[in-house]
Amino acid sequence: MRVLITGGAGFIGANFVHHTVAHRPDDSIVVLDAMTYAASESSLDAVRDRIELVVGDVADAALVDKLVADTDIVVHFAAESHNDNSLRDPSPFVQTNLVGTFTLLEAVRRHSVRLHHISTDEVYGDLELDDPQRFTPQTPYRPSSPYSATKAGSDLLVRAWVRSFGVQATISNCSNNYGPYQHIEKFIPRQITNVLSGLRPKLYGAGENVRDWIHVDDHNAAVWTIIDRGRIGDTYLIGADGEANNKQVLETILELMDQPADAYDHVTDRAGHDLRYAIDASKLRTELGWSPQHADLRAGLADTIRWYADNQSWWSGAKDEIEARYARAGQ
Ligand code: NAD
Ligand code: DAU
């Protein structure tokens, strides 16, 4: 198969490229990536001879049309992905997440090409801390931030193109990913690289907000499962029963890195901070037979800490600027 991967130089996309090279040796791979601050060409070093990297914008209609015409499937990861950035300046989120997805949909419609759209559990808003419910494909959309609102809008565009134009698409909404190659603006790598840099980790507010953590390899295996066996037009929720609050995750990182349990600062909370995400992935498990292989969060965190310790040149160049930006926001 010819596979076009948008956003393939970012965190999940690069891991997806590695996964595809390892598990699908006969597929040919083209990556389309605008190489924003969130991308890293070196994330693809180990597979560089197996892929073509096209530097360009997913909202560039002429370029996207040309690439889509020459592929069998598009896996669409490209997005502005960080909530805190969307609170500072929402405009690139509207442009990439909405206009970019629209541009891609028009191209796959013209060329009758299969699409898998990558989305997030944040489209469902948040749950109370003591609510026994989890998100299901029937949960109403109720996004909180500019980021999640643009992702919700992109999902709705995909659904409309399936229904109105017969586009052959599936959608997945996944919970919080962690693992190698994640940008150090995000929670887990920020805290690990703070400790490695001699800085104190930073917890927003009281740290009681719950996220449902999944290893990036489990997410990517689920995406291939949906591409291979999912029903066109359907939405699949991806999660690995990995609920933990931010304080618990940070304390585990500190313990694994031989730091005192209280060696961190409480900082200004995120505006509109979603309380809790939790995924019910039973549709994916029962209908498609997927199950996570890396569901032990503590073991996954230990591997991730090792990766950031062993790959300091991958992240150290960006550290000062990211921390200066957070410091300006009191975070
Ligand atoms: P990321 O920010 O690490 O990577 C995004 C990639 O998209 C970068 O390489 C960037 O250069 C590229 N990009 C941005 N704008 C572009 C444009 N206009 N044209 C082409 N490329 C562009 O993000 P990530 O964490 O890897 O997330 C990837 C996808 O997965 C996103 O759609 C995100 O909404 C979704 N998602 C992420 C998580 C998570 O926990 N990180 C969970 C569920 C879903
Ligand atoms: O749920 C899926 C989503 O997970 C994806 O759609 C997003 O692209 C991805 O960025 C992630 O969103 P979050 O906002 O949950 O992730 P983030 O890593 O920014 O923050 C995780 C939690 O940690 C959140 O409750 C905020 C908190 N936090 C974050 C940072 C950066 C801190 O306490 N301290 C920090 O320094």
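Ligand 2 is surrounded by 25 residues, of which the closest are Thr120, Asp121, Tyr147, Arg270 and His273, a residue being counted as near when one of its heavy atoms lies within 4 Å of the molecule. This is a predicted model, in which local features need pLDDT of at least 70 and side-chain atom pairs count only at pLDDT 80 or more, while totals for chains, interfaces and linings use all residues. Residues are numbered from 1 along each chain as its sequence is written, chains are lettered from A and ligands numbered from 1 in the order in which they are written, and side-chain values use heavy atoms, with hydrogens and water left out.

The shell around ligand 2 divides into seven nonpolar, ten polar and eight charged residues, where Asp, Glu, Lys and Arg count as charged, Ala, Val, Leu, Ile, Met, Phe, Trp, Tyr, Cys and Pro as nonpolar, and the others, Gly among them, as polar. Helix H6 (187-196) and strand E8 (202-204) each supply at least two residues of this shell; helices (H or I, at least four residues) and strands (E, at least two) are DSSP runs numbered from the N terminus.

Polar contacts are pairs of N or O atoms within 3.5 Å. An oxygen atom of ligand 2 lies 2.7 Å from an N or O atom in the side chain of arginine 190, and an oxygen atom of ligand 2 is 2.8 Å from a polar backbone atom of serine 81. Taken alone, ligand 2 exposes 690 Å², and the protein buries 95% of that, with accessible areas coming from the Shrake-Rupley method with a 1.4 Å probe.

Turning to the helices, H1 (residues 11-23) packs with H7 (residues 216-229) at an angle of about 65°, their axes 9 Å apart, the axes being lines fitted to C-alpha atoms over the stretch in contact and the angles running from 0 to 180 degrees between N-to-C directions. H1 is therefore roughly perpendicular to H7, a term that covers angles of 65 to 115 degrees.

Methods. Polar contact = N/O pair within 3.5 Å; in protein donor to acceptor, adjacent residues only side chain to side chain. Parallel < 35°, antiparallel > 145°, perpendicular 65-115°, else oblique.
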